[in-house]
Amino acid sequence: MPLFWSWYNIVVLTLGCLVCVEQPRFRRSERFDGRGSVARLVVGDRIQFYLIEDISTGGVRLRGVAPAPLGTTVTLLLDGSRLHASVVRAGATDFAVAVEDTFEARAAMIRSVYSGRYDHGVAQVKPTQVVVGLARRLFD
């Protein structure tokens, strides 16, 4: 009987240690759901409105067709801030802009992202997905 409990404790402690190991992150910052918020882009002398799909402190993914080719510098008007950005990705239904990497731009994006308007919460926990995820981490 003590051998059973020893193995049981080893398994539980191993699982506890594996849960504490964080997987590598491929993004520099977390993304938040846009929840239908609107951003304005200034391209040349035109101002265009786009729905925000998701947002991070480094940029924004917007719904719609890209207003300019990749690499084009645009101005992002977001929550009272005027930020220089560039188009970095364009798809059929959405595109992404990256905000310039300056202290002022980062501070403005942090204020905007963490103002409480964007959602990063977990809506529902599915126990089967949790168990499958733990098993994958255990055996990968």
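Is F4 buried, partly exposed or exposed? F4 is partly exposed, with a relative accessible area of 48%. Here buried means under 20% relative accessible area, exposed means over 50%, and partly exposed lies in between (1.4 Å probe, protein chains only). The model is predicted: local features need pLDDT of at least 70, side-chain atom pairs count only at pLDDT 80 or more, and totals for chains, interfaces and linings use all residues. Residues are numbered from 1 along each chain as its sequence is written, and side-chain values use heavy atoms, with hydrogens and water left out.

F4 lies in helix α1 (residues 2-20). Helices (H or I, at least four residues) and strands (E, at least two) are DSSP runs, numbered from the N terminus. P127 lies in helix α3 (residues 127-139). P127 is exposed, at 60% relative accessible area. P127 and T73 are 54 residues apart in sequence. In space they are 45 Å apart, C-alpha to C-alpha.

Strand β5 (residues 73-78) has five of its six residues buried, so it is largely enclosed by the rest of the structure. Two strands pair if DSSP finds at least two bridges between them. Strand β2 (residues 38-43) pairs with β5 in the antiparallel sense over three bridges. Within that pairing, L76 in β5 is the bridge partner of L41. Strand β6 (residues 81-90) also pairs with β5 in the antiparallel sense, over six bridges. Here S81 in β6 is the bridge partner of L78. The hairpin of β5 and β6 has two residues between the strands, and D79 takes a positive phi near 50° there.

Side chains of opposite charge can pair when their charged atoms come close. A salt bridge is a side-chain nitrogen of Lys or Arg within 4 Å of a carboxyl oxygen of Asp or Glu. The whole structure holds five salt bridges. In one of them, R63 meets E53 at 2.4 Å, N to O. This pair links distant parts of the chain: R63 is in strand β4 (residues 59-63) and E53 is in strand β3 (residues 46-56), 10 residues apart. R63 is partly exposed, at 46% relative accessible area.

D54 forms a salt bridge with R61, with the closest N and O atoms 3.0 Å apart. D54 is buried, at 11% relative accessible area, while R61 is partly exposed at 22%. R89 forms a salt bridge with D94, and their closest N and O atoms are 3.7 Å apart. R89 is partly exposed at 36%, whereas D94 is buried at 12%. Salt bridges that share partners join R31, D54, R61, R89 and D94 into one network.
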